[in-house]
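Thanks for coming. I will go through the aromatic rings in this model, then the charges over them.

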Amino acid sequence: MTSLADYYERRAPDYDAVYAKPERQADLGRLQALLPPLFADRSVLEVAAGTGYWTQFIAPVAREVYATDYNAAPLAIARSRSYPRGNVRFGRADAFALSGSFDAAFVGFWWSHMMRADVDRFLAGLCSCLRPGSVAAIVDNRYVEGSNYPITRTDNSGNTYQQRSLPDGSTYEVLKNFPTAAELVAIASRHGSGADVVELDYYWMLTLTT
């Protein structure tokens, strides 16, 4: 298991605390309103579903959701949530080895954990699972001083890293990239059409059509 995967496996019980930050509530409300209409009556592949925080907003409108994550611990939390329509299934999956056929995708807070050199490979694999005319929505963090962990290292390829600690005292160097809107559109345009970025104070949302 990689260090990043180990970090998120061990962080699972405390992960949703990040959504309780007072300064982020307005942005979270915006995202909770913006995302569901994109997935109405669609078959949705969710990548890096984690604890299912975002699954709970997508499932009420989607035809079905296949929520995937590399780690078992956060998926166990996701499975414990209530999905009244019974239209969510779960599976462990490597984000770089996706399979299936869907007409929508949601990727939450995974882009920032990819090496910059791997983003095109990920998008190519994601789009290979989407039928023509599908919509993909990708959400991640913007860097805001004082709200995010500080950047502690930048490598020769421009990837940035943070030092993080867990309640048990263990520490990890975590890859966390913060692309600009222009970078997002340029990359997404190589894999689909109509690439568009909504920038909020703390988050960004990229959408494209395959």
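**Aromatic pairs and charges over rings**

Phe-90 has 18% relative accessibility, so Phe-90 counts as buried; buried means under 20% relative accessible area, exposed over 50%, and partly exposed in between, with a 1.4 Å probe and protein chains only. This is a predicted model, where local features need pLDDT of at least 70, side-chain atom pairs count only at pLDDT 80 or more, and totals for chains, interfaces and linings use all residues. Residues are numbered from 1 along each chain as its sequence is written, and side-chain values use heavy atoms, with hydrogens and water left out.

Now the pairing rule. Rings of Phe, Tyr and Trp (its six-membered ring) pair if their centres lie within 6.5 Å; planes under 30 degrees apart are stacked, over 60 edge-to-face, and the rest tilted. That rule gives 17 aromatic pairs.

Take Tyr-66 and Phe-102: the ring centres are 6.3 Å apart and the planes are at 10 degrees, so this pair is stacked.

Phe-90 pairs with Tyr-83, tilted, at 5.8 Å centre to centre and 55 degrees between the planes. Tyr-83 is buried as well, at 14% relative accessibility.

Last, charges. One sits over a ring if NZ of Lys or CZ of Arg is within 6 Å of the ring centre and within 35 degrees of the ring normal. Arg-89 lies over the face of Tyr-66, 4.1 Å from the ring centre.
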